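Welcome! Have a look at the structure before you start.

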Amino acid sequence: MVSFVDGARTYCLPAVLLRDVQSYQPFRPAAVNRHNGNVFRQIKYLIVFCHVMRSTRHCHQLANLCVLAFYSLDKYSPCEIFYTYQTYDLSQGGAGLWTVGDTVKPPLFYRRGKYVNEVLDKYLDFSYDANINNTINFTLIGYDLYGHLRSYQPMHLADLNLCERYSGSQEQRIRFGQSYHRQCRVSLRQLLADFGEPRFLNLYADYYDQKARLLRAVPVLARKAFSHNDHPDPEKWQLVRRFLMVDALSGLNENYKGKLYDEDPLGEKYHFVRYAKRIELDIRLHPDHEKNPNRIAVPLLKIEYQMVNTSQSETFFDGLVEFEIHVTFSKKYSFDSLLEILLPIFILLAFTMTLFQTFCHKLRQNKLYYDMEIFANFVVYLCSNVATALLAVTVIMALHVFVTYKTQQNVKMLLPLLKLLRAFALLAGIDIFFIDWERPKILDIGMQRTHLDTPSITSSATTRPTCDSVSAWRNYFIANEWQELATKRKISMFAHVVLLITVFFLFGFGHWSSRSSRLHISQNEEYLVYNFLIYERFIDNALQQFIDVASLANISVFILCMESYGFYIHGRSPHGFSDTDMCSMILQFKREEDNLCGNRGLLPGSEQQTYSILVPKNLRAFYDKLIAPLRNSNFGPHQHLNQTHLVGSAKLSNSGFNFEKTILTYYNVNRFFAAFVDHALKDLDYIIQERSILENVLDCEFQSYVTDNKGVFYIDNGHSFDQVLFYGNESIFFQLELALFIMVVLLTNDYLWATVVVGVVYKAFEIVMNYVLKNNLAKKTLIDKRFLI
């Protein structure tokens with residue numbers, strides 16, 4: 001007879017029952033130097049009780065020892081028997097204590113190879129409660145060290161989440177379709193106090209088979225238990241069924257004797273502690289989730305354990321250890337059929353739109369033939385439209401899967417970037433001039449009249465302004481207003497960044513996506529809707545304010561962004577002058593309110609002030625001729641003002657800098673554009689008409705009335721000139737910022753970092769563009785750069 005002590009009980013066994021396990025040696029894990037030997041001292045007796053005497057409790061106790069051994073497959077390990085008879089095909093015969101018909105219980109190991117995919121790819125009708133936040137039902141079964149069943153309960157997040165266990169969070173259940181993530185630091189001393197007695201867990205998912213409620217074991221992937229568990233191929237994995245959260249028993253000092261009255265020093269009591277550092281519950285949906293809303297694949301629980309050496313010092317136990325938990329929802333989608341339909345349609349639309357845009361570009365550039373410059377723009381247009389088409393397809397795909405999970409793929413930023421570079425290269429190179437309609441104080445110098453003669457007060461070639469001319473501050477004021485408007489966007493980037501940070505972190509939207517059928521508009525879209533419907537209508541409209549200021553200053557804006565295409569803002573004051581005192585200005589406003597003066601529009605009796613224009617072909621040639629003296633000069637406009645000398649000083653006069661050339665060029669260009677707008681030029685004229693519906697939709701002019709001497713002013717929607725501003729390129733900003741945001745999230749998995757990067761990149765771009773636009777504005781309007789704020 002052999003005595004066997006099991007907890008508080010002592011058993012006497014006949015020696016004949018120990019015949020097959022008599023050679024078993026005490027087991028000590030090879031991976032751990034200092035291990036609690038008392039834990040595995042009775043393995044051979046447990047084998048007899050479990051597999052000879054068929055004691056279920058002792059079988060569970062043996063399985064628990066296998067978990068404590070960290071699933072070790074070394075010789076004499078408690079896992080050896082389970083692994084051998086649960087993972088290999090024994091159909092050819094029996095061995096030792098077991099026959100072919102025997103089943104080694106409890107199930108602890110899964111078979112490897114193709115069987116793993118068969119387990120993970122099995123879709124069942126899992127249950128989730130749609131009436132209680134769409135929660136998915138799991139059952140958690142717990143055993144103590146000696147194999148006694150201690151708990152059989154619905155699983156809550158706090159059972160797997162150490163952060164929830166100590167933070168008192170209200171998040172209790174796993175909700176369908178909502179990804180979850182928490183990361184925190186927990187007290188090691190608190191873990192030892194709560195998990196001093198290990199609790200061994202089996203996780204089951206509830207599902208239905210022919211309306212009968214059943215339980216399905218959730219396989220566990222212990223990351224460091226087997227070397228091949230980090231392999232990307234699931235067929236290499238070794239899955240298990242039982243796990244524990246904290247193991248303080250294996251590292252217990254077997255020679256330690258507890259103190260009778262004083263508190264036990266933890267540094268002497270424990271050699272090490274193993275705990276679950278990272279837990280991820282991966283739930284995969286059925287590929288055809290719309291037709292099978294309840295069918296979910298067998299979930300997979302991934303656990304990464306961390307061993308903490310606790311024998312360093314007593315103060316070590318007052319420290320914190322890291323913990324992280326993820327609940328993810330994934331789905332294998334087959335988009336082949338959808339892509340076969342969407343991609344050809346959108347690519348064809350992109351190519352067709354590119355042809356229209358290229359034709360329109362050729363017309364606006366006043367070219368007779370298709371050259372390399374047109375071909376280069378064709379390529380840019382094609383890349384831009386293809387990028388937009390791909391974005392549209394992506395949005396459709398995202399909407400298709402929106403109610404189930406959040407998915408992210410590789411982001412291609414090249415095409416949107418090309419679109420952005422082309423748009424702002426065009427913006428930075430526009431020709432712009434401010435036409436001053438103000439009546440100057442003049443002095444006749446007997447100059448002969450030229451073909452620029454016009455009834456316009458600014459078009460008289462027989463006069464030249466003197467030092468008593470009208471003030472130039474109105475031009476400087478309008479130039480600064482334009483410069484400020486050039487980099488103004490429809491949304492405030494600072495407010496948008498703060499809003500994103502608030503949404504992602506204060507409300508926790510970065511950790512889960514809602515399955516609710518209610519409409520959830522993105523924060524950017526909410527901002528745009530508010531901006532369009534409320535802010536611009538009742539509070540602030542930057543474009544209309546600039547037009548009003550231009551009318552107040554009696555200055556029109558003439559813009560050419562291409563060879564023959566541009567925009568015109570008619571800012572001519574209906575009062576005929578604006579360089580006056582405050583009293584006269586208030587009286588002007590009163591007359592305008594009482595309809596005692598003309599309208600602000602270009603046409604008589606019209607309020608239409610903005611136009612998109614196709615100018616006569618000879619206008620560009622004449623304009624280039626007027627500014628040729630400055631372009632051919634060794635010094636550009638206002639280069640003389642960049643010197644340290646005062647204007648009019650003897651040094652400046654002797655230096656040879658002819659600053660009068662800039663002033664005369666300005667007045668000549670001003671008279672030229674004013675005469676053209678006044679229909680006062682014999683060889684240059686224009687007509688005013690509306691675009692057709694197709695031309696408005698495609699933003700292209702098909703019926704061209706443009707000749708060498710005649711152009712067209714098209715009545716627009718009041719803000720078409722925003723195409724040469726940040727304001728009108730919001731869609732390009734949105735595409736690039738979205739691509740950059742997703743790219744940073746994919747690289748860092750950090751929403752805060754992605755939001756900050758987008759904000760910093762945009763701010764840097766705004767600073768660079770502000771500098772470039774200011775230089776271009778000073779160069780084209782002939783206004784000294786030092787007056788631009």
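**Exercise 1.** Is the disulfide of C50 and C59 right-handed or left-handed?

*Solution.* Keep in mind that this is a predicted model. Start with the sulfur atoms of C50 and C59, which are 1.8 Å apart; the cut-off for a disulfide is 2.5 Å. Next, turn to the torsion about the S-S bond: it is about 100°, so this disulfide is right-handed.

**Exercise 2.** Find which parts of the chain the disulfide of C66 and C79 links.

*Solution.* First confirm the bond, with an S to S distance of 1.9 Å. Then locate its ends: C66 sits in helix 2 and C79 in helix 3, 13 residues apart, so distant parts of the chain are linked. Both cysteines are buried.

**Exercise 3.** Work out the handedness of the disulfide of C163 and C184.

*Solution.* The sulfur atoms of C163 and C184 lie 1.9 Å apart. The torsion about their S-S bond is about -95°, so the disulfide is left-handed. C163 belongs to helix 6 and C184 to strand 9, so the bond ties together parts 21 residues apart in sequence. Both C163 and C184 are buried.

**Exercise 4.** How many disulfides are there, and what pattern do they follow?

*Solution.* The count is three. Numbering the bonded cysteines along the chain gives the pattern 1-2, 3-4, 5-6.

Note on methods. Residues are numbered from 1 along each chain as its sequence is written. This is a predicted model: local features need pLDDT of at least 70, side-chain atom pairs count only at pLDDT 80 or more; totals for chains, interfaces and linings use all residues. Side-chain values use heavy atoms; hydrogens and water are left out. Helices (H or I, at least four residues) and strands (E, at least two) are DSSP runs, numbered from the N terminus. Buried means under 20% relative accessible area, exposed over 50%, partly exposed in between (1.4 Å probe, protein chains only).
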